[in-house]
Amino acid sequence: MVLTKEEEAFIRRKHEHTLKLRNEYLKQSSNPFRHGTGEGGTVFDAGLARFQAMRVSNYEHFKPTGKSFRTGLFAVVLPIAIYAWALKSERDGREEKYRTGQVAYKDRQFKFI
């Protein structure tokens, strides 16, 4: 695979940035005097803090669209409605067989004896 000069430079910059972050983490996590700073036992990660803040404020920035409506409809409402309809029709059919005498009491699934 042939990379252009820009792609090579980008990969090199990304690798250098990763190494810089890794070295900083190792430096902070292996500092024996860390308890004196009052930071606690974990290293503060700004990226993780931003991600968690984004997850918490996700609902504040939600904008209802047609796509989100369809997603909610097809993922939540329709499966529940279809399952309820199937359950009711199956139970109604079984009840009809019981009431017309097509199934003897001893052959029923649920009985009081």
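## Model and confidence

The chain has an average pLDDT of 89, and 93% of the residues score at least 70; pLDDT is the predictor's confidence in each residue, from 0 to 100. This is a predicted model, in which local features need pLDDT of at least 70, side-chain atom pairs count only at pLDDT 80 or more, and totals for chains, interfaces and linings use all residues. Residues are numbered from 1 along each chain as its sequence is written, and side-chain values use heavy atoms, with hydrogens and water left out.

## Helices and overall form

Three helices and zero strands make up the elements of the chain, in the order α-α-α from the N terminus on. Helices (H or I, at least four residues) and strands (E, at least two) are DSSP runs, numbered from the N terminus. Of these elements, helix H3 (residues 66–100) has the highest mean pLDDT (95) and H2 the lowest (91).

The radius of gyration of the chain, taken over C-alpha atoms, is 31 Å, whereas a compact globule of 113 residues would have one near 13 Å. The globule rule is 2.2 Å times the number of residues to the power 0.38. Along its principal axes, the C-alpha trace spans about 80 × 45 × 35 Å.

## Domains and annotated region

Domain 1 covers 1–31 and domain 2 covers 62–103, with bounds from an automatic or database domain assignment. Their C-alpha centres are 53 Å apart.

An unreviewed UniProt entry annotates residues 69–87 as "transmembrane region"; such annotations may be inferred rather than shown by experiment. Residues 69–87 are 100% helix and 0% strand, with 26 Å between the end C-alpha atoms.

## Largest pocket

The largest pocket holds about 260 Å³ of space. A pocket is an open set of points on a 1 Å grid over the protein atoms alone, where a 1.4 Å probe fits, with protein on both sides within 12 Å along at least five of seven lines; lining residues have an atom within 4 Å of a point. The volume is the space filled by probe spheres set on the points, which are joined across faces, edges and corners.

Residues lining this pocket include Leu21, Tyr25, Phe44 and Arg50. Helix H1 (5–29) and helix H2 (46–56) each give two or more residues to the lining, and H1 gives the most, with four.
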